[in-house]
Amino acid sequence: MERVAIITGASRGIGRATAARLARDFSALALVARTRETLEDTAETVRAAGAKPLLLVHDLRQPDAAGAVVAATLEHFGRIDAVACIAGAVPQADMFVLTDEQWEDGFALKFHSARRLTLSAWDALKATHGSVAITSGTSAYTPKASVAAVGTINAAILALAKAFADRGIEDGVQVNTILPGSVMTDRRLTMLQFYADKHSLSLDAAIDRFAAEVGIARYGQPEDIANAIAFLFSAESHWITGTALRVDGGETKVL
Ligand SMILES: NC(=O)c1ccc[n+]([C@@H]2O[C@H](COP(=O)([O-])OP(=O)(O)OC[C@H]3O[C@@H](n4cnc5c(N)ncnc54)[C@H](OP(=O)(O)O)[C@@H]3O)[C@@H](O)[C@H]2O)c1
């Protein structure tokens, strides 16, 4: 059966692992990021798993990118069953240092691109009774001054997705958020390097100390998040909507 998904941030990290995982469940995947070369690596993996990749090179901060992604996906594959909004690169800086431009940049990519993509794909998702998963992060529940934009934007995404899920009840579209904890990707390594510098540690020592400090037995792998997104896009989960799914190895120490 034809099933088509759009995945943003598909060139690296969680997005790439999600593409590899969804290639087993979907017949075609539209892969979105800025870097063609790394997207081509993802496309090879998708092809090897038996799905058709479509490479869409866009800077999702641009207001017209989401509409272009949806139009190209419909032109090539004729339908959209799922949208995984994973692209994000919120500036990791203290709230007393963050500039207006950095706040706007963080919102432009992670929040507004997910909002625009969901809006643009909505009619197609209505037609297929499709599903949206928007990536937030556990910092939505534990905002910190030292990385204030990260927690704030992740919290805003929870509210945005909940509002889409509300409309999705009457329109037959399932919308959920996924909240990764500490997942070992390029982005996490940047955070850990920052932590290492702050505490005058080597990167290896920082990796161990941070895990002990936040109380996890191991870092998440991108595949841990990819598997959860695959579940949210499966028939088995179709009554789950408006939910925030935490996948964090127990890092969040509250209910
Ligand atoms: N890793 C974690 O521990 C963690 C924890 C909580 C939440 N998250 C969230 O999970 C998501 C993925 O994180 P990750 O760790 O996998 O990040 P990552 O390894 O840095 O990958 C980010 C992805 O987003 C794409 N991207 C960045 N800027 C873009 C732009 N302007 N337009 C289009 N695509 C863009 C990147 O591709 P190009 O550079 O090629 O464009 C890349 O594919 C993010 O939203 C992040 O906030 C991650």
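I began with helix H8 (residues 222-232), whose buried residues are Pro 222, Ile 225, Ala 226, Ala 228, Ile 229, Ala 230 and Leu 232. I took a residue as buried if 20 or more other C-beta atoms lie within 10 Å of its own, exposed if 12 or fewer, and partly exposed in between, with C-beta atoms placed from the backbone. Helices (H or I, at least four residues) and strands (E, at least two) are DSSP runs numbered from the N terminus. The buried residues of H8 pack against H1, strand E4 (82-85), strand E5 (131-135), strand E6 (174-180) and strand E7 (244-247). For contacts I used C-beta atoms, placed from the backbone, within 7 Å.

I note that this is a predicted model, in which local features need pLDDT of at least 70 and side-chain atom pairs count only at pLDDT 80 or more, while totals for chains, interfaces and linings use all residues. Residues are numbered from 1 along each chain as its sequence is written.

Next I looked at the domains, whose bounds come from an automatic or database domain assignment: domain 1 (4-183 + 221-247) and domain 2 (184-219). Their C-alpha centres lie 25 Å apart, and nine residues of domain 1 are in contact with 11 residues of domain 2.

I found 30 residues around the ligand, the closest being Gly 9, Gly 13, Arg 34, Gly 88 and Gly 137; a residue counts as near if its C-beta atom, placed from the backbone, lies within 6 Å. Helix H1 (13-22), helix H4 (100-128) and helix H6 (186-198) are the elements that give two or more residues to this shell.

I then followed H4 to its packing with helix H3 (residues 65-77), where the angle is about 35° and the axes are 8 Å apart. Axes are lines fitted to C-alpha atoms, for helices over the stretch in contact, and angles run from 0 to 180 degrees between N-to-C directions. On the H3 side the contact includes Ala 65 and Leu 74, and on the H4 side Ser 113 and Ala 124 are among the residues.

Last, I checked Thr 128, which lies in helix H4 and counts as partly exposed because it has 17 C-beta neighbours inside 10 Å. Not counting residues up to four places away in sequence, Thr 128 touches Arg 79, Ile 80 and Asp 81. Thr 128 and Arg 3 are 125 residues apart in sequence but 9.2 Å apart in space, C-alpha to C-alpha.

Technical notes:
Contact = placed C-beta atoms within 7 Å.
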